[in-house]
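Work through the exercises below with the coordinates open, trying each task before reading its solution.

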Amino acid sequence: MQVQPETTSTPKSLKGEPFDFWEQPAVIAPNNFKFKSLSNWAFNISVGCSHACRFCYVPSSSTVKQGPTLKKFNVEDPDEEWGDYSLLRPWDEKKFVSSLKKAELKPVSMLKPDGNRAVIFCSTTDAYQTFRASTPTKAKLLNSSAATLVRKALETIRDQSTLNVRILTRSPLAKRDFDLFKSFGKRLIFGMSLPTLRHDLSRIYEPKAPAPLKRLETLQAAKTYGLNIYVAMAPTYPECDEADLRATLAAIKKLNPITIFHEPINIRAENVARIKNHAKELGVSVNTAVFADRNAWRQYALNSLMLVQRLAAEFKLDHCLHLWPDSQLKSKNCFISLRDLKRAQTKLTTHEKHRHAEEDARYYEKEYLPWLNGWWQRISEWPR
Ligand code: SF4
């Protein structure tokens, strides 16, 4: 099906509010993923995201650069106000097709193979968010424009290219496009972020995103619909203990996903302050001690990654597990293995210290680095 050429310009009367239309149209652009094996390109429908995840890494990168322009929309601090603004990019058929052609013609030899020649919807926002505008009329316009934008982009990719598509969302609104997803056959995979099934934790860390059980139900619906699905347990929170991770993995196993991604929360820009402030507003305490310094974070991150790896093996899901260890875990300077921390609590002789240092150096080179590299080089599954 060919999409009719159309250009949606920004309505002048709607300028200047945090939920509004952005000036630049939505196009396909190369992404900046490192080690994630999610896609080669991204299609982002907006600047900002209404899900308001407190840990979100996006404000530390692309959005902050938009600071001066965001001021025109009454956004003073893009990081602190994250989740309270989302500026929808308009559809411009000509520009979109031009970006699509550029991606389509890129020789495979020049692409990172872990991207699976896919476009992700979305990497710095969510294609299925709700625009909470100041008036019902404006909200209706923004939400219907977003729905049209996503469908037009998908139809054009399907009909005018051979690229693959990866949908990653937190919202059941994606159900409205299941028919379109299905029409891609093996060229599209559908996934949701599902770090926990606990509603109480979700309210703290992802306050405006749909509840985890709604996401699980959407994944189940996608499976029943015949879509290829994957799940991102990302990021899991410091409070996600073994019982919680077990419950999440048990639910995911029933979905028979092609890949399960996992990562803990990484420290990015002001995200720890955002988590702390929000917990304070809610009057609840969260375990932010794990972000107190590099070693505390490292211990939480490694514990979390290794626990999920162990549980996935127990659930016989290790074949589709794809961990995302952060690149900062490579640093030898901050390398303290879990056994090192234990040792730090005991008094050691000089000889023992020397022996342990040698053992640690060997462990780092022969086991730890290959473990990290194994994940970083892993190519995530794609239906064949
Ligand atoms: S859904 Fe994604 S982009 Fe949106 S706030 Fe959450 S983590 Fe950030």
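**Exercise 1. Find the contacts of Tyr85 that are remote in sequence, and decide whether Tyr85 is buried or exposed.**

Solution. Two residues are taken to be in contact if their C-beta atoms, placed from the backbone, lie within 7 Å. When neighbours within four places in sequence are set aside, Tyr85 is in contact with Pro18, Phe19, Gly48, Phe73 and Val75. For burial, the count runs over other C-beta atoms within 10 Å of the residue's own, with 20 or more meaning buried, 12 or fewer exposed, and values in between partly exposed, the C-beta atoms again being placed from the backbone. Tyr85 has 24 C-beta neighbours inside 10 Å and therefore counts as buried. As to location, Tyr85 is found in the loop between helix H2 (67–71) and strand E5 (86–88), where helices (H or I, at least four residues) and strands (E, at least two) are DSSP runs numbered from the N terminus.

Two points on the source apply throughout. The model is predicted, so that local features need pLDDT of at least 70 and side-chain atom pairs count only at pLDDT 80 or more, while totals for chains, interfaces and linings use all residues. Residues are numbered from 1 along each chain as its sequence is written.

**Exercise 2. Describe the surroundings of strand E6 (residues 118–121) and its pairing with other strands.**

Solution. Begin with the faces of the strand. In a regular strand the side chains alternate between the two faces of the sheet. In E6, Ala118 and Ile120 lie on one side and Val119 and Phe121 on the other, and all are buried, leaving both faces covered. Next, consider pairing, which requires that DSSP find at least two bridges between two strands. E6 runs parallel to strand E3 (residues 41–43), to which two bridges join it, with Trp41 standing opposite Val119. E6 also runs parallel to strand E7 (residues 164–169), through four bridges, and here Phe121 has Ile167 as its bridge partner. Finally, E6, H4 and E7 make a right-handed β-α-β unit, where right-handed means that, with the strands pointing away from the viewer, the path from the first strand over the helix to the second runs clockwise.

**Exercise 3. Identify the residues with the most contacts inside the largest nonpolar core.**

Solution. A nonpolar core is a set of buried Ala, Val, Leu, Ile, Met, Phe, Trp, Tyr and Cys residues joined through C-beta atoms within 7 Å. The largest one has 88 residues, and those with the most contacts inside it are Val119, Phe121, Val165 and Val231. Helix H4 (residues 136–160) supplies the largest share of this core, seven residues. For Val165, the contacts beyond four places in sequence are Ala118, Val119, Phe121, Leu154, Ile157, Phe184, Arg187 and Leu188.

**Exercise 4. Trace strand E9 (residues 229–236) and its partners.**

Solution. Seven of the eight residues of E9 are buried, so the strand is largely enclosed by the rest of the structure. Strand E8 (residues 188–193) runs parallel to E9 and is joined to E9 by four bridges, with Met192 opposite Val231. Four bridges also join E9 to the parallel strand E10 (residues 260–264), and Thr236 stands opposite Pro264. From E9 the chain crosses through helix H8 (residues 242–253) to E10 in a right-handed β-α-β crossover.
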